[in-house]
Amino acid sequence: MEPSRLVLYTNRKSPPCRAVKLTARALGIELVEKEMTLLRGDKLMEEFLKVNPQQTIPVLDDGGIVITASHAIMIYLVCKYGRDDGLYPSELVRRARVHTALHLEAGVIFSRLSFLFVSEPRLTGQYDDETEDDYVPFQEPVIYSGKSYFHSDRIEHIRKAYRLLEDSLVDQYMVGESLTIADFSCISSIATLVGVVPLDESKFPKITAWMRRMQELPYYEEANGNGALELAEFVLGKKEANASQFL
């Protein structure tokens, strides 16, 4: 099926948005990309809120059909516009393994990236007898509160995520010997993480080899590599700027 006018509300630094762009490039689909900042004053915000009141990206608008969340968008694109099922296998076992890898990305890799960059636990303040079990997330001090360090336990959580991914890579790609959307999803987060928490290639040779295979894709840098580097540099730059305030 030939795609209609596909509009993607996106941000080039966002890992989930980059995963969608990788999928679209692999399918040869042209997207009308609307770059969002999601900040007050964003000129597209009024238009965007009509499409997705949840205010999350990426969002795909396919001729009035609105799909939110990167995994859902990738599956939708492959199922509707893919020439075959290679990127999202119809065979039950392989499809189940794709979903397993997607859950690894969302539940471990991306969530720990968010834990390092975006969220920090705090007490709710609703009760006098709160304990650590009552923690809820709030904003990461490096980005939002002027702190100049990452918590050591968060760095260790990232290294443990590397180990989980390393142990999951039993073949050339996340699911067997061919590329799937699971690879696009995982590389979107990992490519940024390694720019902030360096990857020891001697300890993680499978990840290293897999990343090099992904980087050989002709559309990789434009769809993912450049944005991943931008996000890593932004986070490290913010950390350094915060530190300079104390000199």
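## Handedness first

A crossing is called left-handed if the near helix is turned anticlockwise from the far one by less than a right angle, and right-handed if clockwise. By that rule, α6 and α7 cross in the left-handed sense, while the crossing of α3 and α4 is right-handed. Helices here are DSSP runs of H or I with at least four residues, strands are runs of E with at least two, and both are numbered from the N terminus.

## What you're looking at

This is a predicted model, in which local features need pLDDT of at least 70 and side-chain atom pairs count only at pLDDT 80 or more, whereas totals for chains, interfaces and linings use all residues. Residues are numbered from 1 along each chain as its sequence is written, and side-chain values use heavy atoms, with hydrogens and water left out.

The protein's secondary structure comes to nine helices and six strands. Of its 247 residues, 46% count as buried, where buried means under 20% relative accessible area, exposed means over 50% and partly exposed is in between (1.4 Å probe, protein chains only). Contact means heavy atoms within 4.5 Å. Take the contacts in the protein with a separation of 6 or more: residues 24 or more positions apart account for 67% of them.

## α3 and its two partners

A word on geometry: axes are lines fitted to C-alpha atoms, for helices over the stretch in contact, and angles run from 0 to 180 degrees between N-to-C directions. Angles under 35 degrees count as roughly parallel, over 145 as roughly antiparallel, 65 to 115 as roughly perpendicular, and the rest as oblique. For residue classes, Ala, Val, Leu, Ile, Met, Phe, Trp, Tyr, Cys and Pro are nonpolar, Asp, Glu, Lys and Arg are charged, and the others, Gly among them, are polar.

Start with α1 (residues 15-27), which packs against α3 at about 10 degrees with the axes 9 Å apart. That angle makes α1 roughly parallel to α3. On the α1 side you'll find P16, A19, V20, T23 and L27, meeting S70, I73, M74, L77 and V78 of α3. The class tally for this contact is eight nonpolar, two polar and no charged residues.

Now the other partner. The axes of α3 (residues 70-81) and α4 (residues 92-117) come within 11 Å and cross at roughly 150 degrees, which makes α3 roughly antiparallel to α4. Here H71, M74 and I75 from α3 meet H99, L102, E105 and A106 from α4. Sorted by class, that contact has four nonpolar, two polar and one charged residues. M74 turns up in both places: it is among the α3 residues that meet α1 and among those that meet α4.

## α6 against α7

The helices α6 and α7 pack at about 135 degrees, with their axes 11 Å apart. At that angle α6 is oblique to α7. The contact brings I158, Y162 and L165 of α6 up against I190, L193 and V194 of α7. By class it has six nonpolar, no polar and no charged residues.

## Aromatic pairs

Searching the whole structure turns up three aromatic pairs. Rings of Phe, Tyr and Trp (its six-membered ring) pair if their centres lie within 6.5 Å; planes under 30 degrees apart are stacked, over 60 edge-to-face, and the rest tilted. Y162 and F204 have ring centres 5.8 Å apart and planes at 70 degrees, so this pair is edge-to-face. The two sit 42 residues apart, Y162 in α6 (residues 152-168) and F204 in the loop between α7 (181-196) and α8 (205-215). Both Y162 and F204 are buried.

Another edge-to-face pair is F184 with Y219, at 6.5 Å centre to centre and 70 degrees between the planes. F184 belongs to α7, and Y219, 35 residues away, to the loop between α8 and α9 (220-244). F184 is buried at 0% relative accessible area, and Y219 is buried at 16%.

## Two buried loop residues

L217 lies in the loop between α8 and α9 and is buried, with a relative accessible area of 17%. Not counting residues up to four places away in sequence, L217 touches L179 and F184. L217 and A26 are 191 residues apart in sequence, yet 8.9 Å apart in space, C-alpha to C-alpha.

N52 is in the loop between α2 (45-51) and β3 (59-62), buried with 3% relative accessible area. Leaving out residues up to four places away in sequence, N52 touches V59 and T68.
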